[in-house]
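Here is a short report for a reader who is new to this structure. Look at the sequence and the model first.

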Amino acid sequence: MPMARKLYIKTYGCQMNVYDSERMAEALEGYEQTETPDDADMILLNTCHIREKAAEKVYSELGRYKGLKAEKPDLKIGVAGCVAQAEGEEIMRRQPMVDLVVGPQSYHRLPELEAKARTGKKALDTEFPEEDKFERLKNRPKAKRGPTAFLTVQEGCDKFCAFCVVPYTRGAEVSRPVDQILTEARDLVERGVREITLLGQNVNAYHGAGTDGEWSLARLIWALNDVDGLERIRFTTSHPNDMTDDLYDAHGRCEKLMPYLHLPVQAGSDKILKRMNRSHTAESYLRCIEKLRAARPDILISGDFIVGFPEETEEDFQATLDLIREVRYGTAYSFKYSTRPGTPAAERDQVEESVKTDRLYRLQALLSEQQQEIQRAMVGKQVSVLFEREGRLPGQMVGKSEYLHAVHVADAGAAIGDLVRVEVIDSSTNSLAAKLV
Ligand code: 5AD
Ligand code: SF4
């Protein structure tokens, strides 16, 4: 057998990129993954466009490989993901070191692109092809897996929030068919997976082809609930407008669906929500939270916030703080608004940087207060933990609770993949400590 070439993938951004990187590694048969770029025959940057100066970061990362490329002319360098989609041709022009560019919708064509790059030609594919990349990628060699996995069920977004690049880089909303997803889920379980997180930019708008017409996300979750050996189901990211009654109901009754929901609101002022083109109000968002808690009182809510969106006044910002006080978030992600070329909000009058910084500081202080309060209230309670890795101390294990808290257990006497009941004994900034019961 010829010696395997080595592949180094560096993944940026969201969980879907993590999933995509796994698929790219599988697609490149004949390669095995390495943890360092130094011995790689191919370096792939799987990039993210959601944060500021995304392209600049890619160029500076590429710059670091100059020396390696000079030493090793056979080394191929590729850029994948959303920056590749948005600026692929520009990257090839500006950085001659790059041999290959592939967008998120065409990575199943990687083997052809790689072969082309090996002949010394430049290989670029940023199309939105007709064929199904997921179909092309199944039946690849299957390695044993850890206890948790991501599974993409829906991709793309038709919402066009005024700040967001996703509809441009990931394209229109597409749902994978139910049988494809169930097959992949069963396969993951056979390989050791006990918890699956269903991924989609707009996952609760899922409407894939099922046995009898289109299935909702809730129906898909109920089908996964019947997969033996699968213990936990999560999904992310949801949009408030696509919350449906069957999904609330699943949160109330489906035993494998975990009591956690990431439901971004972005802002609490209706004026700003309108300018963001979010198509929901603060009130309609609060009603979603109410229904969730009616179905599942202990559900932990997480969110995303943007401060300093164009035309946000102090009063608008106060409305965001009010909404946060009303919801009580278990965890949250918050950002200063920053412009993305090609999105509508980029053209508008911008809020001053110092104002954004100040608002972000105040917002995060409130969010972290809430997080700590909710975590402290867990002390003395029992939770279940799925162990994902060994801790730093001997005998210590680390995993996630049903609420997605990181939980450390000393002298756990357990293995990775074990699901155990524990009692929470302490809370620190970003994790809980617990003991076996
Ligand atoms: N500026 C700041 N934050 C943004 N997000 C998306 N686009 C921008 C932007 N231009 C945030 C949103 C989204 C999360 C993934 O990233 O809060 O929900
Ligand atoms: Fe971006 Fe809005 Fe779509 Fe989320 S719903 S991916 S923020 S456009």
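## Ground rules

This is a predicted model: local features need pLDDT of at least 70, side-chain atom pairs count only at pLDDT 80 or more, and totals for chains, interfaces and linings use all residues. Residues are numbered from 1 along each chain as its sequence is written, chains are lettered from A and ligands numbered from 1 in the order in which they are written, and side-chain values use heavy atoms, with hydrogens and water left out.

## Ligand 1

The shell around ligand 1 includes Ile50, Arg51, Phe163, Asp304, Lys336 and Ser338. A residue counts as near if one of its heavy atoms lies within 4 Å. This shell divides into 5 nonpolar, 2 polar and 4 charged residues. Here Ala, Val, Leu, Ile, Met, Phe, Trp, Tyr, Cys and Pro are nonpolar, Asp, Glu, Lys and Arg are charged, and the others, Gly among them, are polar. Strand 15 (300–307) and strand 16 (331–336) each give the shell at least two residues. Strands (E, at least two residues) and helices (H or I, at least four) are DSSP runs, numbered from the N terminus.

Which side chain has an N or O atom 2.6 Å from an oxygen atom of ligand 1? That is Asp304. A nitrogen atom of ligand 1 is 3.0 Å from a polar backbone atom of Phe163. A nitrogen atom of the ligand also has a backbone N or O atom of Ser338 at 2.8 Å. On its own, ligand 1 has 400 Å² of accessible area, and the protein covers 88% of that. The areas come from the Shrake-Rupley method with a 1.4 Å probe.

## Ligand 2

Among the residues around ligand 2 are Cys157, Cys161, Cys164, Asn202, His239 and Arg278. Phe163 is also one of them. This shell has 7 nonpolar, 2 polar and 2 charged residues.

An open sheet of 6 strands runs in the order 2-1-3-4-5-6, with parallel pairing. Two strands pair if DSSP finds at least two bridges between them. Strand 2 (31–33) and strand 6 (123–125) are the edges. Strand 5 (residues 100–102) and strand 6 are joined by 3 bridges. Val101 stands opposite Leu124 in strand 6.

Strand 14 and strand 15 are joined by 3 bridges. Tyr260 has Leu300 as its bridge partner in strand 15.

Technical notes
A polar contact is a pair of N or O atoms within 3.5 Å; within protein, one must be able to donate a hydrogen and the other to accept it, and residues adjacent in sequence count only if both atoms are side-chain atoms.
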